[in-house]
Amino acid sequence: MFNFIISVLLVFVACPGFIIAASDTKSDTALKFAYDRNAYISYSPNVNSLAEKFSVCVWVRKVQSGSNPIAFAYNGWELALGDSGYYNRLFSTNNNLASKFPTDNTWYMYCSTWSLASRTFRVYVNGQQVGTQTTPSGRRLQTGGTLVLGNYSPGHSGGYHFGGMLFNLNMYSKELTATEVAALSSAGFCAEIPEQLEEYRVIKWEDILKLSRSGTVLDEDTRCAAFVQLPITRKKLELAVTEKRSLELSLNKTRTDLLKVQERFNSTQEELFGVQESFNSTQEELVGVRRELGATEGELNETRSDLQET
């Protein structure tokens, strides 16, 4: 029964659909924006460290269809993402990649990277580069702007309101490499921020969750927390199985040793029975010798008497 339980648990935690690394550096809460132009989050972050290089990554789930919903935008068209891929704007220049974006309402990971040095705006979907755009020489990201999640701008009525879900939006003061982007995507929906990238995080999801909201912007449980203990549990189960096998080996050895002891005991007992029989036989012989000595002594006494009479 123990083996069956261990096997079932190990299969469960090893299933690719369930093993998702949990993060200690971000919240496991997603945000669900109503399909309403007044459902948004707006604030003015300090992006000075992003002016010459940045990367932005976010998980997006398109729930409502719209004309061209904007998942997030910074300073208008300075930097913007449309959930359908129609809008991928940097410095007001658009790169329509709608054919490269998922069309169903499943989660996908969007990343874009850029630097003043490379002058290349790269767009990634689920870790794969799907488009590039060359930017003007010397053009930097404007600072002092407003970042809006859920619309093009606060309350904008032009049909850009989002009506979907966002999760784990982070901006880095680094132009991530294709390898780094692919690693973030392949790590999974609930993956923790790699330690080597943590120092570059400027805009953080856990900070966004604390901001005031307009309209219907609801917390959505991603269920990442349900898997926080799975890697630990799997390790404990593996250790338990190893310990069980070790105990079984030790038990088998002890059983073998006991059998040997039992054999020795039986052999010794047989030897003791033999000694006992030998002792009994010797004792009987001694009794016989004693009788003979007694008879001989009687005869000697009689002979002594006869000699005295003579």
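Mentor: A cavity, as the word is used here, is a set of grid points over the protein atoms alone where a 1.4 Å probe fits but cannot get out. Its volume is the space filled by probe spheres set on those points. The model under discussion is a predicted one, and every value below is computed from it.

The largest cavity has a volume of about 100 Å³. Its lining comprises 13 residues, and those that lie nearest the centre are Trp59, Met109, Asn168, Leu184 and Ile193. Two elements give two or more residues to that lining, namely strand E3 (53-62) and strand E11 (164-172).

Is strand E1 largely enclosed by the rest of the structure, or is it largely open? Four of its five residues are buried, so E1 is largely enclosed. In general, strands of a sheet pair through backbone hydrogen bonds, in either a parallel or an antiparallel arrangement.

The hairpin of E7 and E8 has four residues between the strands, and arginine 119 takes a positive phi near 55 degrees in it. The hairpin of E8 and E9 has two residues between the strands, and there asparagine 126 takes a positive phi near 50 degrees.

Strand E9 (residues 128-134) also contains glutamine 133. Is this residue buried or exposed? Its relative accessible area is 9%, and as buried means under 20%, glutamine 133 counts as buried. Its side chain reaches the backbone oxygen of leucine 90 at 3.4 Å. Apart from residues up to four places away in sequence, the residues that glutamine 133 touches are Asn88, Leu90, Thr93, Asn94, Asn95, Arg119, Thr120 and Phe121. Arg119 in that list is the residue with the positive phi in the hairpin of E7 and E8.

Leucine 90, in E6, is the bridge partner of leucine 79. Strand E5 (residues 79-82) and E6 pair in the antiparallel sense over three bridges. The sheet has five strands in the order E2-E10-E4-E5-E6, with antiparallel pairing. Its edge strands, each pairing on one side only, are E2 (41-43) and E6 (88-90). From one strand to the next, the twist averages 5 degrees.

Between E5 and E6 there is a loop, and aspartate 83 is found in it. What is the relative accessibility of aspartate 83? It is 0%, and aspartate 83 therefore counts as buried. Leaving aside neighbours within four places in sequence, aspartate 83 is in contact with Val60, Lys62, Gln64, Pro69, Ala71, Phe101, Tyr108 and Phe162.

One further buried residue in a loop deserves mention. Cysteine 190 is found between helix H2 (178-187) and helix H3 (195-198), and at 2% relative accessibility it counts as buried. Cysteine 190 and cysteine 224 are 34 residues apart in sequence, and their C-alpha atoms are 5.8 Å apart in space.

These details may be set against the whole chain. Its secondary structure comes to five helices and 13 strands, and of its 310 residues 38% count as buried. Among contacts between residues at least 6 apart in sequence, 73% join residues at least 24 apart.

Technical notes. Residues numbered from 1 in each chain as written. Predicted model: local features only at pLDDT ≥ 70, side-chain atom pairs only at ≥ 80, totals over all residues. Heavy atoms only, no water. Pairing = 2+ DSSP bridges. Axes fitted to C-alpha atoms, helices over the stretch in contact; angles between N-to-C directions. Buried < 20%, exposed > 50% of the residue type's maximum accessible area, 1.4 Å probe, protein only. Polar contact = N/O pair within 3.5 Å; in protein donor to acceptor, adjacent residues only side chain to side chain. Contact = heavy atoms within 4.5 Å. 1 Å grid on protein atoms, 1.4 Å probe; cavity = no way out; pocket = protein on both sides within 12 Å on 5 of 7 lines; lining within 4 Å.
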